[in-house]
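Trainee: Could you walk me through how to read side-chain packing in a model like this one? I would like the general idea and then the case at hand.

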Amino acid sequence: MVYEEFRAVPKQVAGVAVLFEGIADDALASADYLRSECSVQQGLGAGVLALLSDPLAATANFMSTRYANLSDVTRTTGVELNRTAWMYADQDARTYDSLNANILFEELIDTHYDAYTRAPGPAAPFVDPVTYRKGEEVDLSLPEVGAEDVRQVIADAAGWLGDVDDAIHAATGWSPLLQFVEPLTGNWNELKRIGDAYRIAAEGMETCGSNVRTGYEQLDPHWDGAAAQSFTEHAERQAAAMEWEGPVGRVTKEMCFFTSDKVRQAAISGVQRLATMLEEEVSLENTTQALKFAVKKIPWIGTYIQVNAIVEIIKQAASQIDDLVNSVREIVEALEGFLAAMASPSGYLNEKFEEKLAPITDAYNDTKTKAELAMDITSVADAGDTYNAPKSGYVVGDDPWADAV
């Protein structure tokens, strides 16, 4: 049993109050960033990726609200610490006179609040608080993922058939290949942009948690007693909840990148499969060579019966990619379920959570990256830190001068 006698340095307590106000601003900026950057901005297309538009918007809304709540708790704690510093301004008297004399809204002070009854409301900034600096500044730079010409990617993957598609598209504005793989197309890079934005916002919140931890650890030598002990316990839970968001953002990013790459590759595989099938279909009488020559020499070859035949084959071949569509739909639905779990986590997500994400971890060849991702997945799986986050700011208690046993 440790006996902790009351002791406090008011300027130190006030310094952490100022620090927490700054951290609250950073946390709110992370919430605003998540809300604005993690929803779909450029569209995901009409394929299977479109299934993610609503879940992404809902998750951004839920998570930004969670971030804002963490900001509110931090700010409220800062206000209480500033009040507490005023309570400790005259430690020998151990009265609320100093606090009550510095309450910002004087109309709240009446006969109900005296030397032994503290007034409610925020107090004026404490005079000359000690400067507490953040361990790290929050960086909310925009994600660097550019747009991609989906039709060009498809055409490049199709080889000579892409030249045929280019000619048809130039004359009519219609891309037979793009229609063929429409269920697999989409704004793949928009999903990557959103994933990277989740990482940036979450690492911003993680930094806020680290700065909370730095603050209370630096204050610890200057404040002892029951109130100090209660504050440390509260701040530790607050820091842990904020830090938990970092792994969430990094895993979300990898999920989005993984899904984007798989859908993109499926689309490429689909047109390559179609190109092979068509080469077999038109190879009689050297038609393939004739078509290759024709599309390079003539801008529009739609009157050629061979091209019309190819267009008809493309229209009729949709069933050839059903297996690819079904495989990526499973991946997209897995991401959708993951987003739902991140938006409203339970104390322990699921005993098979790490197992479900194993394909993503296994996809990395780099040992260091794979190990880091596995650690993040393990951290996310145990959601106790966010589940146990303080729902309200720190309160100094009825006896700020009490010893702790």
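Trainee: Is Trp 223 buried or exposed?

Mentor: Burial is read from relative accessible area, and anything under 20% counts as buried. Trp 223 has a relative accessible area of 2%, so this residue is buried. Do keep in mind that this is a predicted model.

Trainee: Which residue forms an aromatic pair with Trp 223, and how are the planes arranged?

Mentor: Trp 223 pairs with Tyr 394 at 6.4 Å centre to centre, and with 85 degrees between the planes the pair is edge-to-face. Trp 223 sits in strand β2 (residues 223-224) and Tyr 394 in the segment after α15, so the pair links parts that are 171 residues apart in sequence. Tyr 394 is buried too, with a relative accessible area of 2%.

Trainee: Which residues form one aromatic cluster?

Mentor: Trp 223 and Tyr 394 belong to it, along with Phe 6, Phe 20, Tyr 88 and Phe 231.

Trainee: How many aromatic pairs does the count come to?

Mentor: Eight. Among them is Tyr 96 with Trp 401: the ring centres are 5.3 Å apart and the planes meet at 45 degrees, so this pair is tilted. Tyr 96 lies in the loop between α2 and α3 (97-101), and Trp 401 in the segment after α15 (384-387), so parts 305 residues apart in sequence are tied together. Tyr 96 is buried at 6% relative accessible area, and Trp 401 is buried at 7%.

Trainee: How many residues does the largest nonpolar core have?

Mentor: The general idea is that in soluble globular proteins, nonpolar side chains tend to be buried together. Here the largest nonpolar core has 103 residues, and Leu 81, Tyr 88, Trp 223 and Phe 231 have the most contacts inside it. Helix α8 (residues 226-282) supplies the largest share of this core, 20 residues.

Trainee: What does Leu 81 touch?

Mentor: Leaving out residues up to four places away in sequence, Leu 81 touches Val 13, Val 16, Ala 17, Phe 20, Trp 223, Phe 231 and Tyr 394.

Trainee: At what angle do α2 and α7 pack?

Mentor: Angles under 35 degrees count as roughly parallel. Helix α2 (residues 53-87) and helix α7 (residues 188-219) pack at about 10 degrees, with axes 12 Å apart, and are therefore roughly parallel. Their contact has 11 nonpolar residues, one polar and no charged ones. Residues of α2 including Leu 56, Met 63 and Tyr 67 meet a set in α7 that includes Leu 191, Tyr 198 and Met 205.

Note on methods:
Residues numbered from 1 in each chain as written. Predicted model: local features only at pLDDT ≥ 70, side-chain atom pairs only at ≥ 80, totals over all residues. Heavy atoms only, no water. Axes fitted to C-alpha atoms, helices over the stretch in contact; angles between N-to-C directions. Helix = DSSP H or I, 4+ residues; strand = E, 2+ residues; numbered from the N terminus. Parallel < 35°, antiparallel > 145°, perpendicular 65-115°, else oblique. Contact = heavy atoms within 4.5 Å. Nonpolar A, V, L, I, M, F, W, Y, C, P; charged D, E, K, R; others polar. Core = buried A, V, L, I, M, F, W, Y, C linked by side-chain atoms within 4.5 Å. Buried < 20%, exposed > 50% of the residue type's maximum accessible area, 1.4 Å probe, protein only. Phe/Tyr/Trp six-rings, centres within 6.5 Å; stacked < 30°, edge-to-face > 60°.
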